[in-house]
Amino acid sequence: MSKFEPVLLRNRGVKDSARLSVYESRGGYQSIRKVLNQSVDEVIEEVKKANLRGRGGAGFPAGVKWGFLPKDRTKTLLCVNGDESEPPTFSNRVLMEVDPHQLIEGTLIAGYATKSQVAYIYLRVEFHEQFHILQKAIDEAYAAGYLGKNVFGSEYSMDCYIHRGAGAYVCGEETGLIESIEGKRGWPRIKPPFPAVSGLFNLPTVVNNVETLSCLPHIIERGADWFANVGPSHSTGPKLFCISGPVKKPGCYEAAMDITVRDLIEREDMGGGMLDGKKVKAVFPGGVSMGVLTADELDMKMDFSDPANYGLLGLGTAAAVVVNEDTDIRTVLRNVAKFFGTESCGQCTQCREGTSWMYKIAMRIEANAGRLEDLDILLETSRNMGMMPGLSICGLPDGAKFPIETVVSKFRGELEERIRSQSSDVKEVLESYR
Ligand SMILES: Cc1cc2nc3c(=O)[nH]c(=O)nc-3n(C[C@H](O)[C@H](O)[C@H](O)COP(=O)(O)O)c2cc1C
Ligand code: SF4
């Protein structure tokens, strides 16, 4: 494992780290000054060379995405995705709280590279404190001439606004986010057209995650080669990892993508081990939508490639939630099914019906009224509602499938045992859901 010195969180713990003067005294806003003297193509090439892959969940290379914008466009808009609604993810929140100017500088760099005139930072509604911190930082940047007309005295101008969502998981999906900024219900759009061609207000639009953009000042400052050499070649750069659940030190930690799930749980400088000496039963390592690992699978690497070897959808948001040995796996199943069953926006029949039926079945299993065939019904339903079989507008049901499928298949023995030995006192448990 490589030795690691925090980059994205280097200002964490520094007094008044959110203030412009502090950010600048620690080297901030030098990268954008450098970028403004480069051509757009040079900046894009540097980001491509760094192999910066999106931190929002899909891991799509940022430079390649920017290249999809039509060459003959006259206007471009940039959306910064700070919806952060994947349970149990909070790394964007930490970045915005600790270092809002790092995000603003990254937004300026991406704005310049994509020739965007306006950037909208989309914030989930619950981020009240972060909204004020970020707004204050934006105000400071405007007052200093770093945002608005002719930033840093250059030819480039960019306005930056915060748009606060109303609180829906699906508004983190890029076209749901775009609809929401337009003031409509946050319903994802059918693609194509993709946002790069026709996005916000029908203009070419780039959507990038807060952490993705926060990497940009460091790529420019230290160079693409430096970034490309942090971590494995397919998963480059510094990365934030969250850990929550019954561990000694839940929190947000930074490392190269060469750590394992076990490191995240056990390392003294990370999770610090399990609380009360309990054993791990299961871990959702990439946000719940990526699926679950058993206690025998903790050597999975937290990079963009290894999760597939464990039957997971991907690295996702790299936010792990740990489940201990005392937890009933039926409760875990019901909990994840509930999330997706209540967050589906309802546009697509398979997603709307599939996620809500999976929730009902999972409730029934937890309520001691499950049937053995319910497990196969869950598997079949989960496989028949996502984008991958071409049955939905957005990826929410794919994210609903993986936790259900992996919990059912990896913990099938325990689920079957629970169903076989269940008492029939259903009423009391059902009451508890009211
Ligand atoms: C249901 C759903 C929810 C999503 N939520 C988020 C989110 O909260 N934050 C985010 O950055 N990306 C989220 N995404 C991914 C975005 O659609 C998009 O790919 C991402 O913002 C692109 O940024 P990146 O390329 O920098 O990763 C979500 C996707 C889906 C399907
Ligand atoms: S897949 Fe689900 S969440 Fe996505 S648009 Fe369709 S119904 Fe809405």
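## An exposed loop residue

Asn202 counts as exposed, because 11 C-beta neighbours lie inside 10 Å of this residue, and the cut-off for exposed is 12 or fewer. Please keep in mind as you look around that this is a predicted model. Asn202 sits in the loop that runs between α8 (174-181) and β4 (205-209).

Along the chain, Asn202 and Asn150 are 52 residues apart, and 25 Å separates their C-alpha atoms.

## Positive phi values

Most residues other than glycine have a negative phi. Against that background, which value does phi of Asn150 take? It is near 50°, a positive value in a residue other than glycine. Asn150 belongs to the loop between α7 (128-143) and β3 (159-164). This asparagine counts as exposed, because the number of C-beta neighbours inside 10 Å is 11.

Phe201 also deserves a look: its phi is near 50°, again positive in a residue that is not glycine. The loop between α8 and β4 holds Phe201, and Asn202 lies in the loop between α8 and β4 as well. Is Phe201 buried or exposed? With 12 C-beta neighbours inside 10 Å, Phe201 counts as exposed.

## Cis peptide bonds

Most peptide bonds are trans. Here, though, Pro87 and Pro88 are joined by a cis peptide bond, with omega at about -5°. You will find Pro88 in the loop between β1 (77-82) and α5 (91-98).

Another proline pair, Pro192 and Pro193, is linked by a cis peptide bond with omega of about 5°. Pro193 has its place in the loop between α8 and β4, where Phe201 is also found.

## Two helices that cross

Two packed helices are described by the angle between their axes and the distance between the axes. For helix α6 (residues 100-114) and helix α9 (residues 210-222), the axes come within 7 Å and cross at roughly 80°. Angles of 65 to 115 degrees count as roughly perpendicular, so α6 and α9 are roughly perpendicular to each other.

Which residues make the contact? On the α6 side they are Gln102, Leu103, Glu105, Gly106, Thr107, Ile109 and Ala110. From α9 come Val210, Leu213, Ser214, Cys215, Leu216, Pro217 and Ile220.

## The largest nonpolar core

The largest nonpolar core has 130 residues, and the members that touch the most others are Cys79, Ile109, Val283 and Ala320. Helix α13 (residues 349-369) supplies the largest share of this core, with eight residues. Ile109 is also one of the α6 residues in the contact with α9.

What does Val283 touch, not counting residues up to four places away in sequence? The list is Val261, Val292, Leu293, Leu298, Ala320, Val322 and Val323.

## Domains and their contact

The domain assignment of the chain gives domain 1 (20-228), domain 2 (257-324) and domain 3 (329-431). Between domain 1 and domain 2, the C-alpha centres are 28 Å apart. Eight residues from domain 1 and ten residues from domain 2 take part in the contact. On the side of domain 1 that touches domain 2, the residues are two nonpolar, four polar and two charged.

Terms used:
Residues numbered from 1 in each chain as written. Chains lettered and ligands numbered in written order. Predicted model: local features only at pLDDT ≥ 70, side-chain atom pairs only at ≥ 80, totals over all residues. Core = buried A, V, L, I, M, F, W, Y, C linked by C-beta atoms within 7 Å. Buried ≥ 20, exposed ≤ 12 C-beta atoms within 10 Å, placed from the backbone. Helix = DSSP H or I, 4+ residues; strand = E, 2+ residues; numbered from the N terminus. Contact = placed C-beta atoms within 7 Å. Domains from an automatic or database assignment. Nonpolar A, V, L, I, M, F, W, Y, C, P; charged D, E, K, R; others polar. Axes fitted to C-alpha atoms, helices over the stretch in contact; angles between N-to-C directions. Parallel < 35°, antiparallel > 145°, perpendicular 65-115°, else oblique.
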